[in-house]
Amino acid sequence: MTQQVRVHNFAVSSDGYAAGEGQSLERPFGHADPMRMMSWAGATASWPNRTDPGGSRGLEDYLVREFHRNIGAEIMGRNKFGPHRGPWTDHEWQGWWGAEPPFHTPVLVMTHHERPSFTLSDTTFHFVDGSPAEVLERALAAADGKDVRLGGGADTVRQFLDAGLVDTLHVAVAPVELGAGSRLWESPDELDDRYRHDVVPRPDGTVHHLYWR
């Protein structure tokens, strides 16, 4: 089966922003509240951080479970890895996720400032400089026949979309406005010239947009 490049469970506001302004160590999403942006996922039975029984089933539970299915590597931009800019001055920083990152695969961090790779649990982070096509070639090799997940942020996803390198895309539009920040799109219809597009509105106001070639 052909390897695919997937964007999955990517949350944006109703005005198209995936993160707000003012990213910092204390606020990885800037002025955006990730709990509001991803509240639909947290309500499902399969949400990995669930501490109590229950949760919803159906489409959204399926989407949460699909996040890890057949993923062999992830690509992310540097702003998803951390708030630092420019040359690395602190190699002690190893991401937002602590000793047990949720990826469980090789992760390629796109950056113009490379640093040595390191491993936490079963996740190894590699810092790579290159075009989307060059980074994808490395990710496909690291994925060992499985799919590559494009994890974000919005600027990184746009680079791969503009290069025609994304096979499937799932974006969950939350019923909140941010007004500024890192923007994925102005309208979900922008991609209709290159993908088939299904729209699934949910009772809580979240709207799921599913795209495939």
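**Exercise 1. In what sense do strand S3 (residues 71–77) and S7 pair, and over how many bridges?**

Solution. This is a predicted model. Start with the two strands named. S3 and S7 run in the parallel sense, and five bridges join them. Next, pick out one bridge. Ile71 has Asp147 as its bridge partner in S7.

Now turn to S1. S1 and S7 also pair in the parallel sense, over two bridges. Here Arg6 has Arg149 as its bridge partner in S7.

Last, check burial. Six of the six residues of S7 (residues 147–152) are buried, so the strand is largely enclosed by the rest of the structure.

**Exercise 2. Find which elements line the second largest pocket, and which gives the most.**

Solution. Begin with the space. The second largest pocket holds about 320 Å³. Its lining counts 21 residues, and those closest to the centre are Arg6, His8, Glu66, Arg69 and Thr168.

Then assign the elements. Strand S1 (5–12), helix H3 (59–66), strand S8 (168–173) and strand S11 (207–212) each supply at least two lining residues. H3 gives the most, with four residues.

Sort the lining by class. Nine residues are nonpolar, eight polar and four charged.

Finish with H3 itself. Its buried residues include Glu60, Leu63 and Glu66. The buried residues of H3 pack against S1, helix H2 (39–42), S8 and S11.

**Exercise 3. Classify the ring pair of Phe81 and Trp97.**

Solution. The whole structure has 14 aromatic pairs. For Phe81 and Trp97, the ring centres are 6.2 Å apart and the planes stand at 55 degrees, so the pair is tilted.

Phe81 is in helix H4 (residues 78–81) and Trp97 is in the loop between H4 and S4, so the pair ties together parts 16 residues apart in sequence. Phe81 is buried, at 0% relative accessible area. Trp97 is partly exposed, at 23%.

Compare another pair. Trp93 and Trp96 are edge-to-face, with 5.2 Å centre to centre and 85 degrees between the planes. Trp93 counts as buried because its relative accessibility is 15%, under the 20% cut-off. Trp96 is partly exposed at 23%.

Now widen the view. Ring pairs link Phe81, Trp88, Trp97, Phe103, Phe118, Phe125 and Phe127 into a cluster.

**Exercise 4. Is Thr111 buried or exposed?**

Solution. First locate Thr111: the loop between strand S4 (106–110) and strand S5 (118–120). Its relative accessible area is 6%, so Thr111 is buried. Then list its contacts, leaving aside neighbours within four places in sequence: Arg78, Trp88, Phe127, Val128 and Asp129. Two of these names, Trp88 and Phe127, also belong to the ring cluster.

Technical notes: Residues are numbered from 1 along each chain as its sequence is written. This is a predicted model: local features need pLDDT of at least 70, side-chain atom pairs count only at pLDDT 80 or more; totals for chains, interfaces and linings use all residues. Side-chain values use heavy atoms; hydrogens and water are left out. On a 1 Å grid over the protein atoms alone, a cavity is a set of points where a 1.4 Å probe fits but cannot get out, and a pocket is an open set with protein on both sides within 12 Å along at least five of seven lines; lining residues have an atom within 4 Å of a point. Grid points are joined across faces, edges and corners, and a volume is the space filled by probe spheres set on the points. Ala, Val, Leu, Ile, Met, Phe, Trp, Tyr, Cys and Pro count as nonpolar, Asp, Glu, Lys and Arg as charged, and the others, Gly among them, as polar. Buried means under 20% relative accessible area, exposed over 50%, partly exposed in between (1.4 Å probe, protein chains only). Contact means heavy atoms within 4.5 Å. Two strands pair if DSSP finds at least two bridges between them. Rings of Phe, Tyr and Trp (its six-membered ring) pair if their centres lie within 6.5 Å; planes under 30 degrees apart count as stacked, over 60 as edge-to-face and the rest as tilted.
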